[in-house]
Amino acid sequence: MLRTFLGATAVALVLSAIPALGEVKVGSIIELSGPGAAAGTNFHDGVKMGFEEINAAGGVLGEQVQLSEYDSQTDPQVSRAMVQKAIDDGVYVITGTVFSSSTVVNMLVAQQAGIPQFTGSEAPSITQKGNPYIFRTTFGAQKGMPKVVKYMAEEMGVKKVAIVWANTEFGKGGYGAFMDEARNYGIEIVADLPTEQAQTDFSADVLKAKNSGADAVFVYLTEEESARFLREAQKQSIGLPLVGETTLIGAKVIQLAGDAASGAMGHVGLTADAGIPAITEMVDRFKAKYNYTPDHNAIKGYTAAWTIKCVTEMVGSTDSQAIADKMHGLTLTTDECPGVLMDATWDETGEMSRESFFVEVENGKQTVKAILPPN
Amino acid sequence: MAEFLQLILSGLAAGSIYALAAVGFTLLWQASQTINFAQGEFVMLPAFFVLVGMTVLGLPLWTSIAFALVLSLIVLGLMFKKLVVEPMLPHGTLPLVIATIALGVLLKESVKEFYGATAQPFPAIFPQTVYNVAGASISLQDIGNLTVSMLAIVGLQLFLGRTRTGRCMQATAQNPNVAEILGVNVKRMVLYTFLINAALATVASVLISPIYLAKFSNGETLGLVAFIAAIVGGFNQIRGALVGGLLIGVIDNLSAVYISAQYRSAMPLILLIIIILVRPQGLLGTSEGRSV
């Protein structure tokens, strides 16, 4: 009896001492609550769906991916702590965060630990700080703004513009990039309207933009604020073209703003309505799984998961340093990595380049007006 | 001039909704001598009751609003009184204040858990019609919000001043012991106060959610603004809460356009400081004696 007991104990001890095999850890640090929840939930669901498909197809290097989620609460300090927690938990790569205000803070922790981080943030400063471990999942505002301003000046004939922007890290980055480009094209800024994160009342901002004598209003706010702005603009019959970036015309904004989103236009890096079969199929699977229409953040998250898989398998191991090194100067085509959905290139700073779209909201969905080449 | 007119009107429309929430602070102060720090969440929650009615039960909008009103009366009126205020009040004001803070967190986190952290679209109660008046674009939504809020507050004032029940409620608020000696059913009057607060919160919620969108965290902003409005107007006067709410709505709009968009959220706080320094009882409030 005693021998049996000791034998069983010994077997249990040996089994518990063996490290878990066949599993690699990825951390998703993301805005699941707070003002960034709309964007964060989309991004996270995209990442999750990507890794579920990857696991179903055999995982990464033959091992299943264990995706752990950490809610940043859209708070930079919390996001920093969550990145540290993920690293302590043994992740070899990180996805998120989406809000630039959080990413500029938490990416320093990942950098110190040498963990590659695939962010959904778009503030130009993120890839300008010399951090060799940060990689975008879409291009920064400094890449998108030249395209949108060129379109406004050359295609729409805009000469005077009112700009409404979020007074946050995200907003300041886009605002600076827009102002630089507007100067280049000789566009006059007739109203400069900073707003606060989670602002609820936009009546004064809409009124100022409306009475500014602008040919168009450029709106650079996050999703929920964009929806409130569009509703107020409709309420006041603003009568001006409303142009923005991805956050003005995303699926969540269209859902929240309803009719008020009609006619809003802007530049998007990724769109569910691009007419690209791989994106259309991904969007259909996403809708069937989560019962809502994904926006560009979901597609960013999904492509992040597949980028991680493809680059890990190119390197041949989960060596974080080797993955970061490999990402610099890498071009992933849809032939070699179908999950990236569109060919993409990362430069030495982690910045991404690929084709993008100028779209207008019509009948509750984005309609592509022009395909803009990579820059 | 057109711009000024439009700013004033949209400020009054927003301010009237703040006033509805601020009246709640006043009512509960008079009924239980406490500050309900969950008042913002009381305004946030009914919007989700409406959405549950529409999306889960498949009810039409107005039936969902009626459903939300009934649920609010039960949860934010009856249950709040029975489960939070009555057990805590004998222990003094401070434990009750802390209990309302905890309740606010509970309501917020519950909505986040059961309905989600992202904002939800909320149907507009009024058509999206816009009128051009002297060059200003005046929306039917603003006019509607202002009218409904004012009717609710004026109706409450008339109820309290012109009906027997209303006068009994006032007597209870002023001196419950004497009111009881005079035959007033004090417990029932206090219950009425809580039910009225729940009803006003529902009206405010239905009016403001099409603009704010329905979100679990809406109570943070609303609660703070309504609290400031109640102090500015006078914490112990319903008409004070009305004036405070309207004033803050208008000042917020005017300061965003004519002073600084960046510092607009500081303006109500500056007004609050000035009022506390110059007239601590608020613009229309009356001084209350305190014994030690």
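Let's start with one residue. Val190(A) sits in strand 7 of chain A. Strands here are DSSP runs of E, at least two residues long, and helices are runs of H or I, at least four; both are numbered from the N terminus.

A word on the model before I go on. This is a predicted model: local features need pLDDT of at least 70, side-chain atom pairs count only at pLDDT 80 or more, and totals for chains, interfaces and linings use all residues. Residues are numbered from 1 along each chain as its sequence is written, while chains are lettered from A and ligands numbered from 1 in the order in which they are written.

Back to Val190(A). Is Val190(A) buried, exposed or partly exposed? Partly exposed, because Val190(A) has 17 C-beta neighbours inside 10 Å. The cut-offs: 20 or more other C-beta atoms within 10 Å is buried, 12 or fewer is exposed, and in between is partly exposed, with C-beta atoms placed from the backbone. Which residues does Val190(A) contact, leaving aside neighbours within four places in sequence? Lys160(A), Val161(A), Ala162(A), Ser212(A), Gly213(A) and Ala214(A). Contact means that the C-beta atoms, placed from the backbone, lie within 7 Å.

Next, strand 8 of chain A, residues 216-220. Five of its five residues are buried. Take the two faces. On one side are Ala216(A), Phe218(A) and Tyr220(A); on the other are Val217(A) and Val219(A); all are buried. The general rule is that side chains in a regular strand alternate between the two faces of the sheet.

What does strand 8 pair with? Pairing needs at least two DSSP bridges between two strands. Strand 6 of chain A, residues 160-166, runs parallel to strand 8 and is joined to it by five bridges. Strand 9 of chain A, residues 242-244, is also parallel to strand 8, over three bridges.

Strand 8, helix 8 (residues 223-235) and strand 9 of chain A form a right-handed β-α-β unit. Right-handed means this: with the strands pointing away from the viewer, the path from the first strand over the helix to the second runs clockwise.

Helix 6, residues 169-184, has 16 residues and reaches 23 Å from first C-alpha to last, close to the 22 Å expected at 1.5 Å a residue. The expected span is 1.5 Å times one less than the number of residues. Its buried residues include Phe170(A), Tyr175(A), Phe178(A) and Glu181(A). The buried residues of helix 6 pack against helix 4 (100-113), helix 5 (141-155), strand 6, strand 7 (188-195) and strand 8 of chain A. After helix 6 comes Gly186(A), with a positive phi near 70 degrees.

Helix 12, residues 296-315, is mostly covered: 17 of its 20 residues are buried. Its end C-alpha atoms are 28 Å apart, which agrees with the 28 Å that 20 residues should span at 1.5 Å a residue. Gly316(A) follows helix 12, and its phi is positive, near 90 degrees.

Most residues other than glycine have a negative phi, and most peptide bonds are trans. In chain A, the bond from Gly96(A) to Thr97(A) is cis, with omega near -5 degrees. Thr97(A) is in the loop between strand 3 (93-95) and helix 4 of chain A. In chain B, Ala134(B) has a positive phi of about 50 degrees. Ala134(B) lies in the loop between strand 1 (130-133) and strand 2 of chain B, and counts as exposed because it has 9 C-beta neighbours inside 10 Å. Leu213(B) has a positive phi too, near 70 degrees. Leu213(B) lies between helix 8 and helix 9 (218-233) of chain B, in a loop. With 23 C-beta neighbours inside 10 Å, Leu213(B) counts as buried.

Last, the two chains together. 26 residues of chain B contact 29 residues of chain A. Helix 1 of chain B gives the most to that side of chain B, with five residues. For the complex, the predictor gives an ipTM of 0.83 and a pTM of 0.80.

Notes:
Contact = placed C-beta atoms within 7 Å.
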